[in-house]
Amino acid sequence: MLAAVPSPVTVRVPAKINLHLAVGPVRPDGYHELVTVFHAVSLYDEVSVAEGEGPSIEVHGEGAAEVPTDETNLALRAVLLLAEHADRDPDVSVVLRKGIPVAGGMAGGSADAAAALVGLSSLWKLELTRDELSELAAELGSDVAFALYGGTAMGTGRGERIVPVLARHAQHWVIALHRGGLSTPEVFGELDRLRSGSDAEPRPVEPVLEAIAGGDPRQLALSLGNDLQPAAVSMAPELRRTLRAGVDAGALAGLVSGSGPTCAFLCADRDRAVDVATELAGLGVCRTVRVAHGPVPGARVVDPADPP
Ligand code: C5P
């Protein structure tokens with residue numbers, strides 16, 4: 001008797017912003033020691049995995065042309081890693097539908113890798129726990145493990161060691177997308193160059209953790225911070241204008257997301273976020289704007305019965 005071919009599995013996975021990103025010294029392996037607070041926001045990619053011939057990938061959606069489809073693609077690397085782990089042939093076809101900006105500092109590639117791990121684990125009925133997946137995720141990249149968990153979480157090490165942070169309150173954001181991307185290694189390199197010869201005081205994480213627990217967006221606005229921001233602004237000086245414009249339009253605070261160039265603006269509530277987004281869009285300081293909220297859950301299999 002022929003075995004039934006399992007139905008494709010689709011996983012929805014969110015983008016992240018960093019509410020706090022403290023960059024420490026470079027380690028012997030070339031990575032920087034980090035203390036960061038990740039926050040998953042409601043911009044999503046969808047990743048479908050199905051039985052196929054050999055590993056293959058198709059990419060659709062905004063910025064699809066800029067996503068590599070060779071083995072540098074993190075979702076494909078996730079397929080190969082999980083196949084090796086499960087001792088199976090990587091006969092899988094992957095379809096990515098991009099809603100997360102490409103090379104925007106929102107961990108879109110890492111999100112796709114996390115989604116591929118979750119999707120394939122379900123397709124192949126591997127019954128791996130999130131902690132087991134998290135170990136594989138850490139081999140793929142620094143931000144992949146967080147995309148499995150979502151919510152709000154502290155990341156240490158190179159960002160891959162995740163501890164969830166209790167955040168009962170929703171926060172409202174305007175996300176400003178820019179033309180072009182910034183390369184994460186180059187932004188870290190620019191930070192090293194800007195810092196050379198000076199001993200930076202580490203940015204403390206406690207104020208942002210307290211503000212998240214309290215839930216007041218005004219308090220949170222005062223404690224947001226990203227050590228990579230000066231480096232991203234040095235490489236893309238137009239970001240200074242975007243950051244100023246968002247605050248002038250009524251956001252409580254704005255910051256570069258991760259290594260940029262996407263900027264995230266915290267707003268007092270959803271109505272305010274819609275107003276800020278409308279004003280920013282009208283000013284033409286960025287390519288496009290989105291309204292988003294967080295925290296939202298990490299990579300999850302989409303129930304085919306659920307409406308899109
Ligand atoms: O881990 P991931 O592949 O996402 O990192 C991309 C690049 O960002 C690394 O190759 C490194 O140059 C830089 N990086 C770093 N320190 C970290 C995380 C990333 O220097 N903690």
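In this predicted model, the ligand lies between two domains, because domain 1 (9-166) and domain 2 (171-294) both give residues to the shell around the ligand. That shell consists of Tyr31, His32, Leu34, Gly141, Ser142, Asp143, Arg158, Gly159, Thr184, Pro185 and Phe188. By class, four of these residues are nonpolar, five are polar and two are charged. Two elements, strand 2 (32-51) and helix 5 (184-195), each supply at least two residues of the shell. Helix 5 gives the largest share, with three residues.

The domain assignment of the chain gives domain 1 (9-166) and domain 2 (171-294). Their centres, taken over C-alpha atoms, are separated by 22 Å. The contact between them takes 28 residues from domain 1 and 32 residues from domain 2. On the side of domain 1 that touches domain 2, strand 1 (9-26), strand 2 and strand 5 (152-157) each supply at least two residues. Strand 1 provides the largest share of this side, nine residues. The side of domain 1 that touches domain 2 is made up of 19 nonpolar and nine polar residues, with no charged residues.

The largest nonpolar core has 99 residues. Ala75, Ala114, Ala116, Leu117 and Val174 have the most contacts inside this core. The core, too, lies between the domains, because domain 1 (9-166) and domain 2 (171-294) both give residues to it. Val174 illustrates the packing. Leaving aside neighbours within four places in sequence, Val174 is in contact with Gly246, Ala251, Phe265, Cys267, Ala273, Val276, Ala277, Leu280, Val289 and Val291.

For the chain as a whole, the secondary structure comes to 10 helices and 12 strands. Buried residues make up 49% of the 308 residues. Of the contacts with a separation of 6 or more, 74% are between residues 24 or more positions apart. The C-alpha trace spans about 65 × 45 × 35 Å along its principal axes. The radius of gyration is 19 Å; this agrees with a compact globule, because such a globule of 308 residues would have a value near 19 Å.

Methods: Residues numbered from 1 in each chain as written. Predicted model: local features only at pLDDT ≥ 70, side-chain atom pairs only at ≥ 80, totals over all residues. Core = buried A, V, L, I, M, F, W, Y, C linked by C-beta atoms within 7 Å. Buried ≥ 20, exposed ≤ 12 C-beta atoms within 10 Å, placed from the backbone. Domains from an automatic or database assignment. Contact = placed C-beta atoms within 7 Å. Near = placed C-beta within 6 Å. Helix = DSSP H or I, 4+ residues; strand = E, 2+ residues; numbered from the N terminus. Nonpolar A, V, L, I, M, F, W, Y, C, P; charged D, E, K, R; others polar. Rg over C-alpha atoms; globule rule 2.2 N^0.38 Å.
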